[in-house]
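Work through the exercises below with the structure at hand, trying each task before reading its solution.

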Amino acid sequence: TKLILLDSLLQEMKMRPSLSDKWLKWLKLNWLTLATLAGVVAGILVGIILKALESDFSPRTAMYVEFKGQLFLRMLKCVIIPLIIPSLIASIGALDLSLSGKIGLRAIIYYMSTTVFAVLLGIILVVSIRPGLGAGVHQQDPDTNHKRNVLTADTLMDLIRNCFPPNIIQATLSQYQTVIVQPNDENRTVPMTEWDIKENWSNSTNILGLVVFSIVTGIAIALSGSEGKPLLRFFESLSFVMMKVTGWIICLAPFGVFFLIVGQIMRMKDIAEEFEKLGWYFGTVMLGLSIHGLLILPALYIVFTRSLPFRFLSNMSQAYMTAFGTASSSATLPVTITCLEEKNSVDPRVSRFVLPIGATINMDGTALYEAVAAIFIAQMNGIYPSITQIIAISITATAASIGAAGIPQAGLVTMVMVLDTVGLPSESVSIILSLDWLLDRFRTAINVLGDSIGAGIVNHLSQKELQKMNHQVRNERNGLNGELVEMQTRTARDDA
């Protein structure tokens, strides 16, 4: 017996992973994050050293250095449409809109509402704080920025027009823009409302039109039942294949980011001022995430459940820590489900239906981050977004956060998409990447927080539906039991 026990103990010790095995496993999971961080740090150091050796570089010299990074950026832009659009269609098309009716509707309304709240909060903060202008924020005058001749009514109508492109293929290449031209009338000053109106198609992708088309297509697939499954499988397959391609491109991120950052620093006139702006940017994002996660989401829980959220939130602490450590909502999903069902007594039918939807379409932290980052980059480049551009950023950031589910380094891909939508320089994304690895973990924790609170609210509001479903199951079981008893009685009579 002692020998058997000793042998089992030895086998158990062999099966236990050693410290080196744990480190190797951790490195395999996080090597890309570490490599990208190393590329960011190396790019900053090399850029500062080059700036110290020579304070002023010609644009051509900076262009030579940025060349390899530009290739990486071009590859990212290349996969935006074939990646985001199928992912968005597949995410919405896979939703079972008929499942327990009101339960599914409540979940979707909650997720869409909180994502919109997050985007609006981010925009309010970044427009108020203006981190892209640094310490001299309150001395700047937005009116000094060059503005083209255009009426507010025209820009708002252009926004709506672009949501409904006349040709979906054309929408991948250009978007509509109204141009007003001053008539040649030397005798009087003609008001802008009487200027000539002309159509113009700019050479930039109409992301809004593609997003609206994708959402409508996804809803149509979800409502088509079995007849829509083949099309859904096509988009899911296309999304899967493009994720593979994106994964290969993202593996080049450490090198691409290194050369982009070096080139950007070489173009800077005052390095200290630019890094001060990054500090303001980091503070703005963290303030937004804190307000959304610590005030808005708990307040929603209090309003709908009429109970304090402290115990509920403390029971989910393991899920938040896992989200922060892995920077992945999908990887945290099993832990989130376990915490909700075992510690917070959420019905499994709710948690296992609501959380997968949340991991797909609810990205509050990501949406807030992308809205802040887009306007921050505009401010850094001396651009003051109009109300129309801010609306476009809001819609695109919301849609991008939905279509980004499961994509490796999703923030990098969708950030380029948001910048392209409003015509901002996508090269500037390299600057904020120096902080992205850390902010990614915070916004993932907020994503998981939003998912778990959503499940708690939906569970509370859906008690009547859950009881009705239990009653239906009980009646079906009683009916089956009655039929079984009747069959047994008949059999006994026949035998007699």
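On a 1 Å grid over the protein atoms alone, a cavity is a set of points where a 1.4 Å probe fits but cannot get out, and lining residues have an atom within 4 Å of a point. Grid points are joined across faces, edges and corners, and a volume is the space filled by probe spheres set on the points. The model is predicted, so that local features need pLDDT of at least 70 and side-chain atom pairs count only at pLDDT 80 or more, while totals for chains, interfaces and linings use all residues. Residues are numbered from 1 along each chain as its sequence is written, and side-chain values use heavy atoms, with hydrogens and water left out.

**Exercise 1.** Find the volume of the largest cavity and describe its lining by class.

Solution. A search of the whole structure gives 3 cavities of 30 Å³ or more, and the largest has a volume of about 50 Å³. Its lining consists of 10 residues, of which Ile44, Met268, Phe275, Leu278 and Ile431 are the closest to the centre. At least two lining residues come from each of H10, helix H11 (271-305) and H19, where helices are DSSP runs of H or I with at least four residues, numbered from the N terminus. Sorted by class, the lining has 7 nonpolar, 2 polar and 1 charged residues.

**Exercise 2.** Locate the salt bridges (a side-chain nitrogen of Lys or Arg within 4 Å of a carboxyl oxygen of Asp or Glu) and place each in the sequence.

Solution. The whole structure holds 2 salt bridges. Glu66 and Arg267 form one of them, at 2.9 Å from N to O. Because Glu66 belongs to helix H3 (residues 59-78) and Arg267 to helix H10 (residues 253-267), this pair ties together parts that are 201 residues apart in sequence. Taking buried as under 20% relative accessible area, exposed as over 50% and partly exposed as in between (1.4 Å probe, protein chains only), Glu66 is buried at 4%, whereas Arg267 is partly exposed at 41%. Arg443 and Asp440 also form a salt bridge, with their closest N and O atoms 3.4 Å apart; they are 3 residues apart in helix H19, and therefore separated by about one helical turn. Arg443 is buried, with a relative accessible area of 3%.

How values were computed:
1 Å grid on protein atoms, 1.4 Å probe; cavity = no way out; pocket = protein on both sides within 12 Å on 5 of 7 lines; lining within 4 Å. Nonpolar A, V, L, I, M, F, W, Y, C, P; charged D, E, K, R; others polar.
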